[in-house]
Amino acid sequence: MQVLKFGGTSVANADNINKVVAITQSALMRGRTVIVVSAFGGITDTLLAAGQQASIGDDAYKQKLLEIEQRHLDAVKLLVPVTRQSAVLSLVKKYCNEIEDICNGVFLLRELSLQTKDRVMSYGEILSSIIIAHRFNELGIVAEWKDARELIVTDSAFGNAAVDFVITQEGIKSYFKQSASTLFVIPGFVAANSAGVTTTLGRGGSDYTAAIIGAAVDATAVEIWTDVSGMMTADPRLVANARIIPDISYQEAMELSHFGAKVIYPPTIQPVMKKNIPVWIKNTFVPEDYGTLIQKDVKKNGSSVRGISSMNKIALLSLEGSGMVGIPGFSKRLFEALANATINVILITQSSSEHSICVAVDEANAQRAKVIVDKVFAYEIEISKVEPLVIEADQSILALVGDNMKSHPGIAGKMFNVLGKNGVNIRAIAQGSSERNISAVISLRDVRKAINSLHEEFFETSNRQLNLFVVGVGNVGSKLLAQLSQQREYLQEHLRLQVNLTGIANSKKMIFSNEGIDPSKWKSILAEGEEMKLDVFVEAVRNKNLRNSVFVDITANDAVAAVYDQLLVKSISVVACNKVAASSAYSNYKKLKDQAREFNCQFLFETNVGAGLPVIGTLNDLLRTGDKVNRIEAVLSGTLNFVFNNYDGTKKFSEVVRQAQEEGYTEPDPRLDLSGTDVMRKIMILARESGETIEMNSITNNSFLPESCMKGSVADFYVAMEKEEAHFRSLYDKAAAAGKKLKFVASFERNAAGEGVAAVGLQHIGPEHNLYHLYGKDNIVLFYTDRYPQQPLVVKGAGAGAEVTASGVFADIMRAVNP
């Protein structure tokens, strides 16, 4: 004999019921079959809502009852021929009248007891099973309908009754032994106590009904037919890449179902596990799919972890106090108090110091638990030996489940490392001695990010997802997006990285898409976006709370740089092309660096110094490997190098500067480059990265620009340069006369006392110097260190230009996701 259970979606309407009939016909070819059915989809909730409305005197319950009646009558009319509908319609009307009578009584009494609630809700399964049984008979498939209340005996714990297995199994065996039928239709969910009063087995109890019957008759298999093709590695509503678990052990299935996997009702496994009866999870709408097979011996899936689940709306209760240390009985009193109040404890953790104990309970029971526990420990609280019970609401239990986790080192470490990298704070941890389950209590708002991060780590051998939020899509920003578009396939194929452009903004518009914005179509998409408001953009990035998030700032905006701390504290990495933050007050620079370390994310700004050149990366590599930087010499302005490489007196200095601006080498205001301010920022950043505490006002700037050039607008600046042409020509002539070139040089050096000194200014560089042969817009950095004392480590290359700067930002993004 085999037992097939069909859930609410499987019997939701006449079309679906016909699918159930077809599946059952195939099963009958294998032998005697019992089918257990749920109420039509949504009917149990509607019955419960009608009862609750009646209990508060809201006569809208009558409309709900009419809807319930009409839905069942319509099903009969579609499933039973007109000439034979009368008897079935009369039976449906009879039961619907009973429901109405009960609800009328509830309305008059203004009371809905658990016993009455069970009675009201039971009609859903009774009605659906009767209609389905008649459908079989109309098709010439003889089906015997049997009321489960005559088979399953429970106690009187209405709402979630406990089964008396001894009496129940005897009754089931006797019934099926005496019947000659080959097909039986039985309502799920419902049972009765020894007095024959209707009870229920808990929401989802139809699965349990099937398992109880299957165990009693020693079924060859129990099949749970639902609207998904099996148990999954994670909730598909949260994880887009969740996969079907083809094989799973009884214990793993129990763990996953207990912690929120909704495909199977948790108590279902116990009866069949004792008899070693396999359980199949199958899809009514795709019956040919393999589904999930739950049994004792399971094939390995290549991973130590079988699945990830979560239980939401949990409250963490913490009892702590110095009076608990070394005193026996505190835990007993706590659990006894909760048990006496029928409050189920879901998770327990206690510190080895015995100073505190935490338990997780359903959030709905939290306040009641506090009242009870504070009362039990009233004396200890009064004398300050114990603190009043503390409630932390809006929590969730995240569970990693797998038989193969046992004695497999590193699973817990990997789990906590992944959560930490994504800024998911763990409030409590529990692991059973079986090592089959590692549970962590986290904030409810972090569940989606946490499950996706863990699923990516343990199950996704294909692509990890990187969520990018880009602010600034001008010259450099647009080049970056073009590079991202070009490299998408490469990143997926070689790095298993799916770059998701989740948000973009310019000074006027912003737009978000969790599914990702096509970087090749960003202009038209952004044009349809909403008005850009920086605070709204930042709050959206924080609230999305996506795993592997990176905020990319490709502006020169002070306000954008000022929001980095709000992102870093949420474990959102920041990649800054913008120099403002790294060159701000040292205290702010250090705060941002510290926050990145504290919250397990990255604050990267390679392009602040040398566009696409790996200057900061090289410096950090030197320091990480134990080297010490003693002196730095550098030409750090591609703009200034371009200008002085192209100025020879044949063209006016102002014309060469204008050419540099037109070719995209300068800031919007070229004076930031030519005044040396930008170079000062860069050498300061390098000095800071070398370990020096330094501010802008401590850097000497030997500027070559006359004071007149620093006044007025950019247009005024160009006019002033033309007037000062003699000054610029004299600078060139002096250098040329000595056989040297003009280079704007930045330097940092530690003196004998170990103090760092930084300066920038125009210098005459001879042919023997490393800086002499520097052409076009190239930059160069010379690192003199303990390991490179005479011959410096040289980093040289293009130091300006949108394309190379964008590539430097791109490289930082890659470092952010692969630190």
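A nonpolar core is a set of buried Ala, Val, Leu, Ile, Met, Phe, Trp, Tyr and Cys residues joined through side-chain atoms within 4.5 Å. Please keep in mind that this is a predicted model. Its largest nonpolar core holds 105 residues, and the members that touch the most others are Phe6, Ile35, Phe136, Phe176, Ile294 and Ile397. The element that gives the most to this core is helix 5, residues 114–138, with 10 residues.

Setting aside neighbours within four places in sequence, Ile35 is in contact with Leu4, Phe6 and Thr24, with Ile132 and Phe136, and with Leu183, Phe184, Val185 and Ile186. There is also a second, separate core, made of 79 residues, with Leu592, Tyr718, Leu742 and Ala800 among them.

Now let's step back to the whole chain. Its secondary structure consists of 29 helices and 30 strands. The globule rule gives 28 Å for 819 residues, but the radius of gyration here is 36 Å, well over that value, so the chain is more spread out than a compact globule. Along its principal axes, the C-alpha trace spans about 120 × 70 × 55 Å.

How much of the chain is buried? Buried residues account for 53% of the 819. Among contacts with a separation of 6 or more, 72% join residues 24 or more positions apart.

Key. Residues numbered from 1 in each chain as written. Predicted model: local features only at pLDDT ≥ 70, side-chain atom pairs only at ≥ 80, totals over all residues. Heavy atoms only, no water. Helix = DSSP H or I, 4+ residues; strand = E, 2+ residues; numbered from the N terminus. Rg over C-alpha atoms; globule rule 2.2 N^0.38 Å. Buried < 20%, exposed > 50% of the residue type's maximum accessible area, 1.4 Å probe, protein only. Contact = heavy atoms within 4.5 Å.
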